[in-house]
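Let us walk through this fold piece by piece. Keep the sequence and the 3D view side by side as you read.

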Amino acid sequence: MGKMNVDLCGITLDNPVIPASGTFGYGYEFAELYDINVLGTFSFKGTTKDPRFGNPTPRIAECSSGMINAVGLQNPGVEKVISEELPKLKKCFNKKVMANVSGFSVEDYAYTCEKLDACEQVGWLEVNVSCPNVHGGGMSFGTDPSAAAEVTRAVKKVTTKPVIVKLSPNVTDIVSIAKACEDAGADGISLINTMLGMRIDLRTRKPVIANKMGGFSGKAIFPVAVRMVYQVANAVSVPVIGMGGVSCAEDVVEMMLAGATAVEVGAANLVDPFVCKNIVEELPKVMEKYKIENLKDIIGGVN
């Protein structure tokens, strides 16, 4: 069997498969279905400083090759995540977990990251800069290189663990933002987050989602994700985590050829809760098919 382990910011993963934030809860829900220790790790539900109820319903819309969601970062807040969610996870997951952090100000990000950085279970901090900056007119931190860099610097000042900045694809130049984060001290980059989408109900002539627009994810965005991962991986020297429309082991290999060190699986978890387990099991066969002895060797290996 080929070697599937990869190194992500100094921590070894048994394999590169990582369920993406927002599609895997806090892990223990999926542990009722299978042993989640087969995963490389997973990124838990986006966590904010304060509890959030989320956006009004309806907040999910189906599409022919994906879905649109506007859940709105519903979570119990960082204090309860640390006191309630992580202890539950510890009973069923014996690896380091990736903490996904969101915020609406630079201070929010720093506060939440500092709290989670102190947790022994947390291996990496995945900082989602796709959130609206409440002090900057509502524009996402991730659409402006200087704003993304400011968040990165603030988080790095109060943490000791690897900081991986998660970028939005809803920009003209993804590379400039990735480089700004790297220059500000980011230990890794993950991309892409959801694209911006919308559906309209023909009967009511109103948007399907109460929020009007939401994050578009699923198989349809895979080529865009591969392109952006390729561009960023060729522009930065830190590890890149690729995601966006990944649904099978061959997609994982394609993402790694584009330059990803590890690969997150998002919307596919909502269609098939066993998809990540299946991908881990399929990888050795796919490696054999394409004559890959060690997954590390194919990172950025596109000709």
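Strand 6 and strand 7 (residues 122-128) run parallel and pair over 5 bridges. Strands here are DSSP runs of E with at least two residues, helices are runs of H or I with at least four residues, and both are numbered from the N terminus. Two strands count as paired if DSSP finds at least two bridges between them. Look at valine 101: its bridge partner in strand 7 is valine 127.

This is a predicted model, in which local features need pLDDT of at least 70, side-chain atom pairs count only at pLDDT 80 or more, and totals for chains, interfaces and linings use all residues. Residues are numbered from 1 along each chain as its sequence is written, and side-chain values use heavy atoms, leaving out hydrogens and water.

Now widen the view. The open sheet has 7 strands, in the order 3-15-14-9-8-7-6, with parallel pairing. Strand 3 (17-19) and strand 6 (97-101) each have a single partner strand, so they stand at the edges, with one side left without a neighbour in the sheet. From one strand to the next, the twist averages 30°. In a regular strand, side chains alternate between the two faces of the sheet.

Next come the helices. Helix 9 (residues 275-289) lies across strand 3 and strand 15 (262-265), at about 175° to strand 3. Such angles run from 0 to 180 degrees between N-to-C directions, and axes are lines fitted to C-alpha atoms, for helices over the stretch in contact. Contact means heavy atoms within 4.5 Å.

Helix 3 (residues 106-117) and helix 4 (residues 145-157) cross at roughly 35°, their axes coming within 9 Å. In helix 3, Val106, Tyr109, Ala110 and Cys113 meet Glu150, Val151, Ala154 and Val155 of helix 4.

What do the side chains of glutamate 120 and lysine 90 meet in? They meet in a salt bridge, at 3.7 Å from N to O. A salt bridge needs a side-chain nitrogen of Lys or Arg within 4 Å of a carboxyl oxygen of Asp or Glu. This pair links distant parts of the chain, 30 residues apart: glutamate 120 is in the loop between helix 3 and strand 7, and lysine 90 is in helix 2 (residues 78-90). The whole structure has 7 salt bridges.

Finally, turn to strand 4 (residues 60-63) and strand 5 (residues 66-69), which run antiparallel and are joined by 4 bridges. They form a hairpin with 2 residues between them. Alanine 61 has isoleucine 68 as its bridge partner in strand 5. Strand 5 also pairs with strand 13 (residues 214-217), antiparallel, over 3 bridges.
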